[in-house]
Amino acid sequence: MRHKLIFLLAAVLIFGCSTRKEADKTEEVNMKNTKVLFSTNLGDFEVELFDKESPETVKNFLSYVESGFYEGTVFHRVIPGFMAQGGGYTEDLEDKDGGEPIRNEASNGLKNERGTIAMARTNNPHSATSQFFINYVDNYFLDYVSETPQGWGYAVFGKVTKGMEVVDEMAKIPTGSSGYFGSDVPQKPIVIKSVKIIKK
């Protein structure tokens with residue numbers, strides 16, 4: 001009888017460990033980040049989104065992706081050695097109305113390093129809608145410092161994982177003034193043909 005009890009206890013322990021391992025694997029799979037594919041007239045690049053660190057920002061960005069909002073928009077502001085900004089204007093530089101502003105998640109611990117994508121905004125820390133930018137270099141001065149108008153920073157929510165050479169190619173296109181825009185408008189439009197979810 002004693003041997004049977006020991007065998008039964010061992011079986012329960014083994015089954016419990018196996019179940020726990022399966023649960024851990026499931027949790028690991030569920031924690032993998034969403035990835036999106038940008039298709040532009042210069043080529044494609046992939047971005048991994050930081051779902052866990054920037055949940056509200058990622059949810060907001062994906063709502064624009066899923067609605068097709070970004071199709072036909074351009075990178076309207078490109079500054080070599082700094083960043084490339086897009087997501088808000090058509091090829092004719094007509095403003096596209098974004099949705100409601102979101103809460104700034106720049107205090108998530110992520111840094112504005114080369115290749116990261118962050119939300120563009122006005123002087124109001126919580127004014128980001130559809131526009132974003134990709135950092136060409138480590139722009140740590142854009143990071144969160146404190147909950148003050150000057151210290152809020154810009155919320156990073158993803159990073160280019162493939163095709164950064166395409167983003168770098170954008171910086172080689174001559175820029176100039178266009179209408180009320182500054183002198184950083186690419187003279188050859190850099191058009192976003194589509195943004196699609198490739199892993200969720």
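D168 is partly exposed, at 25% relative accessibility, where partly exposed denotes the range between buried (under 20% relative accessible area) and exposed (over 50%), using a 1.4 Å probe and protein chains only. The model is predicted, so local features need pLDDT of at least 70 and side-chain atom pairs count only at pLDDT 80 or more, while totals for chains, interfaces and linings use all residues. Residues are numbered from 1 along each chain as its sequence is written, and side-chain values use heavy atoms, with hydrogens and water left out.

**Overall count**
- Four salt bridges are found in a search of the whole structure, each defined as a side-chain nitrogen of Lys or Arg within 4 Å of a carboxyl oxygen of Asp or Glu.

**The D168 and R114 pair**
- D168 forms a salt bridge with R114, with an N to O distance of 2.8 Å.
- Because D168 lies in helix α3 (residues 164-170) and R114 in the loop between β4 (83-90) and β5 (116-119), the pair ties together parts that are 54 residues apart in sequence; helices (H or I, at least four residues) and strands (E, at least two) are DSSP runs, numbered from the N terminus.
- R114 is partly exposed, at 36% relative accessibility.

**The network**
- A network of salt bridges links E56, R103 and E105.
- Within the pair of E105 and R103, the closest N and O atoms are 3.5 Å apart.
- E105 is buried at 6% relative accessible area, whereas R103 is partly exposed at 45%.

**The E169 and K172 pair**
- E169 and K172 form a salt bridge at 3.3 Å, N to O.
- E169 is partly exposed at 35% relative accessibility, and K172 is exposed at 61%.
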